[in-house]
Amino acid sequence: MFENLSDRLSRTLKNISGRGRLTEDNIKETLREVRMALLEADVALPVVREFVNSVKERAVGQEVSKSLSPGQAFIKIVQNELEKAMGEANEALDLAAIPPAVIMVAGLQGAGKTTSVAKLGKFLRTRHKKSVLVVSADVYRPAAIKQLETLATEVEVEFFPSDVSQKPVDIAKAAISYAKLKFIDVVIVDTAGRLHVDEAMMDEIKQLHATVNPVETLFVVDAMTGQDAANTAKAFNEALPLTGIILTKVDGDARGGAALSMRSITGKPIKFLGVGEKTDALEPFHPDRIASRILGMGDVLSLIEEVERGVDKDKAMKLASKVKSGGSFDLEDFREQLQQMKNMGGMMNMMEKLPGVGQLPPEALAQVQDGKMTGQMEAIINSMTAKERKHADLIKGSRKRRIAVGSGTQIQDVNRLLKQFTQMQKMMKKMSAKGGMKKMMRGMSGMLPPGMKLPGR
């Protein structure tokens with residue numbers, strides 16, 4: 001996510017970060033590079049112009065000249081202006097309404113609208129403990145109704161049946177009436193995908209909006225269309241009173257132009273990012289965390305939140321008690337940790353949120369490819385006997401060969417896993433020692449960008 005922009009800005013700002021004194025000339029040179037980086041990222045020209053002017057105005061003023069480390073002060077200004085361009089703070093859904101709160105979702109075909117409806121349903125059910133009903137008012141594409149029904153079952157939210165012979169307004173009204181009878185908290189209405197901003201279709205969606213009177217009208221747009229994404233959202237906003245935007249396929253967008261242009265061009269906040277195909281791959285949009293990620297400072301707060309959600313707390317407590325009471329961390333425990341990591345989106349998803357990962361050589365990152373690596377490690381452990389999993393020191397020459405053959409891997413893969421397991425075992429011992437966890441939390445605090453704190457600290 002935002003790899004190209006992050007690489008370019010990190011390189012540019014690295015040159016100025018250590019400067020003891022900033023002159024108008026080196027600020028001018030750096031800003032020229034920043035401008036080029038933003039334009040290459042497909043950020044809209046008016047947004048780039050305003051961004052560069054704001055940074056320049058602040059950088060040549062008292063704010064930097066009086067700082068003890070002018071280079072660092074300059075980077076802080078760039079970070080603040082990035083946050084400002086994207087909206088400064090997360091804007092959550094406003095569901096303060098007499099139930100059911102109605103959310104209407106609109107967008108062009110192929111943007112990931114129906115998938116986003118299901119992801120949003122799961123987000124509200126799991127994180128906000130809301131009962132959710134989803135309904136498709138897309139009578140032009142029968143497959144859309146079936147797709148939403150399938151996804152609703154997968155994410156465990158209720159689906160209201162609809163048919164292509166019905167009118168979208170009638171479908172929505174019936175779904176809302178049903179939700180009232182069943183005391184359902186939220187109704188999400190999936191509308192027909194538009195191929196382009198078509199007048200007849202826009203009239204229909206306006207009528208639907210007037211009928212259901214939603215508390216939130218969200219526009220789903222593909223981040224990979226760059227600057228066009230912001231322009232399309234602007235056109236929809238002129239027809240509908242949008243309250244927010246869901247930016248999809250962000251994981252495939254190496255540039256980041258849409259995220260940086262959207263707020264300035266539409267005046268509407270990005271509320272969510274679609275960061276993958278899985279039904280839980282929907283993240284609330286936090287401008288401060290995204291700015292931090294773009295500048296290569298990582299996103300430790302989001303990482304901690306993911307860990308808190310993804311970790312099975314009962315299993316974690318059992319493991320902690322076992323290690324603390326002198327029990328050894330074995331390969332069964334290691335396999336369980338791999339499975340928990342998979343639940344959190346995999347190793348690469350977690351690493352992307354750590355500061356400085358962008359500076360790692362490509363060959364080092366290539367070794368941490370998500371599912372492939374975790375799946376291989378699980379296969380190796382599964383090919384061991386119960387005794388070998390309990391006592392890893394038994395695994396020598398002939399056993400390694402048997403395990404490699406059984407898991408369809410090479411002996412060097414088995415060696416690599418055992419090496420990683422040994423490192424994890426040592427870390428667990430340190431954590432079980434007196435004050436070990438506090439030391440680890442202090443270490444994580446040091447990884448946060450200036451001004452950010454770990455929750456509860």
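Reader: How many bridges join S1 to S5, and do they run parallel or antiparallel?
Author: This is a predicted model. In it, S1 and S5 run parallel, joined by 5 bridges.

Reader: Which residue in S5 is the bridge partner of Ala106?
Author: Phe219 is the partner of Ala106.

Reader: And which residues does S4 cover, and how does S4 pair with S1?
Author: Strand S4 takes in residues 186-190. S4 pairs with S1 in the parallel sense, over 5 bridges.

Reader: Which residues sit on each side of S1?
Author: Ala101, Ile103, Val105 and Gly107 are on one side. Val102, Met104 and Ala106 are on the other. Both faces are covered, and these residues are all buried.

Reader: Back to S5. Where is Thr217?
Author: Thr217 lies in strand S5, residues 216-222.

Reader: Is Thr217 buried or exposed?
Author: Thr217 is buried, because its relative accessibility is 1% and the cut-off for buried is under 20%.

Reader: What does the side chain of Thr217 make a polar contact with?
Author: With the side chain of His209, at 3.1 Å.

Reader: What else does Thr217 touch, leaving out residues up to four places away in sequence?
Author: His209 is on that list too. Thr217 also touches Met104, Leu240, Pro241, Leu242, Thr243 and Gly244. Met104 is one of the buried residues of S1.

Reader: New topic, charges. How many salt bridges does the structure hold?
Author: There are 15 salt bridges. One of them joins Arg58 and Glu81, with the closest N and O atoms 3.0 Å apart. That pair links distant parts of the chain, 23 residues apart. Arg58 is in helix H3, residues 45-59, and Glu81 is in helix H5, residues 70-86.

Reader: What other residue forms a salt bridge with Glu81?
Author: Lys84 does, with the closest N and O atoms 4.0 Å apart. Glu81 and Lys84 both lie in helix H5. They are 3 residues apart, about one turn of the helix.

Reader: Which residues are linked in a network, then?
Author: Arg58, Glu81 and Lys84 are linked in a network of salt bridges.

Reader: How accessible is each of the three?
Author: Glu81 counts as buried, at 5% relative accessibility. Arg58 is partly exposed, with a relative accessible area of 24%. Lys84 is partly exposed as well, at 45%.

Reader: Why is Arg58 not called buried at 24%?
Author: Because buried means under 20%, and exposed means over 50%. Arg58 is at 24%, so it counts as partly exposed.

Reader: What does Asp138 form a salt bridge with?
Author: With Arg141, the closest N and O atoms being 3.9 Å apart. Asp138 is buried, with a relative accessible area of 4%. Arg141 is partly exposed, at 31%.

Reader: Zoom out. How many helices and strands are in the chain?
Author: The chain has 22 helices and 8 strands.

Reader: What share of the residues count as buried?
Author: 49% of the 457 residues count as buried.

Reader: Last one. Among contacts between residues at least 6 apart in sequence, what share join residues at least 24 apart?
Author: 73% of those contacts do.

Key
Residues are numbered from 1 along each chain as its sequence is written. This is a predicted model: local features need pLDDT of at least 70, side-chain atom pairs count only at pLDDT 80 or more; totals for chains, interfaces and linings use all residues. Side-chain values use heavy atoms; hydrogens and water are left out. A salt bridge is a side-chain nitrogen of Lys or Arg within 4 Å of a carboxyl oxygen of Asp or Glu. Helices (H or I, at least four residues) and strands (E, at least two) are DSSP runs, numbered from the N terminus. Buried means under 20% relative accessible area, exposed over 50%, partly exposed in between (1.4 Å probe, protein chains only). Contact means heavy atoms within 4.5 Å. A polar contact is a pair of N or O atoms within 3.5 Å; within protein, one must be able to donate a hydrogen and the other to accept it, and residues adjacent in sequence count only if both atoms are side-chain atoms. Two strands pair if DSSP finds at least two bridges between them.
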